[in-house]
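Let's take a friendly walk through a protein model. Have the sequence and the 3D view ready, and follow along.

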Amino acid sequence: MHFLHADDNAVIRPLIARILTGAGHRVNSVESGEELLRQLALARYDAVITDNSMDPRGKTGVEVLQAIRADPRLRDLPVLVLSGDADEIKDSVEALGSAVASKASAREELFAWIEKIKPPA
């Protein structure tokens, strides 16, 4: 699968990329929600993974998710929102038809989510 990942943290970005590429996936990483939305306009991805709490001057992961769901071309794109405070945003994210994972258990939750969204072989 081909993922687009957004996180403003320079440590987390390559960590998520290594997890995904190590499992045989392709990943493009960006630093902000705005850049993620620009990339979605330029290329096709199978799924999106976004941090919720990025640069306070930019979009949160929930705001990125809202923009994706508002776009008829993207509304069915699977999105996983990673957050240090996953319980606080869980209802908002799930109401938009997406999943949320805690950064503390991101690896396990990430692979469980991928199993749910990957196309049949």
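## The largest pocket

On a 1 Å grid over the protein atoms alone, a cavity is a set of points where a 1.4 Å probe fits but cannot get out, while a pocket is an open set with protein on both sides within 12 Å along at least five of seven lines. Grid points are joined across faces, edges and corners, and a volume is the space filled by probe spheres set on the points. The largest pocket here has a volume of about 220 Å³.

This is a predicted model, where local features need pLDDT of at least 70, side-chain atom pairs count only at pLDDT 80 or more, and totals for chains, interfaces and linings use all residues. Residues are numbered from 1 along each chain as its sequence is written, and side-chain values use heavy atoms, leaving out hydrogens and water.

Lining residues have an atom within 4 Å of a point; among them are M1, Y45, D46, R73 and P119. The lining of the largest pocket has eight nonpolar residues, four charged ones and no polar ones. Here Ala, Val, Leu, Ile, Met, Phe, Trp, Tyr, Cys and Pro count as nonpolar, Asp, Glu, Lys and Arg as charged, and the others, Gly among them, as polar.

## Two nonpolar cores

A nonpolar core is a set of buried Ala, Val, Leu, Ile, Met, Phe, Trp, Tyr and Cys residues joined through side-chain atoms within 4.5 Å. Buried means under 20% relative accessible area, exposed over 50%, and partly exposed in between (1.4 Å probe, protein chains only). In the largest core, of 20 residues, L4, L36, L40, V48, I68, V81 and V93 touch the most other members. At least two residues each come from β1 (2-6), α2 (33-42), α3 (61-70), β4 (79-83) and α4 (86-95). Of these, α3 gives the most, with four residues. Helices (H or I, at least four residues) and strands (E, at least two) are DSSP runs, numbered from the N terminus.

Apart from this core lies another, of 16 residues, including A17, L80, L82 and L110.

## Two covered strands

In a regular strand the side chains alternate between the two faces of the sheet. From β4, V79, V81 and S83 point one way and L80 and L82 the other, and all are buried. β4 pairs in the parallel sense with β3 (residues 47-51) over four bridges; strands pair if DSSP finds at least two bridges between them.

In β1, H2, L4 and A6 on one side and F3 and H5 on the other are all buried. Five bridges join β1 to the parallel strand β2 (residues 26-30), where V27 stands opposite F3.
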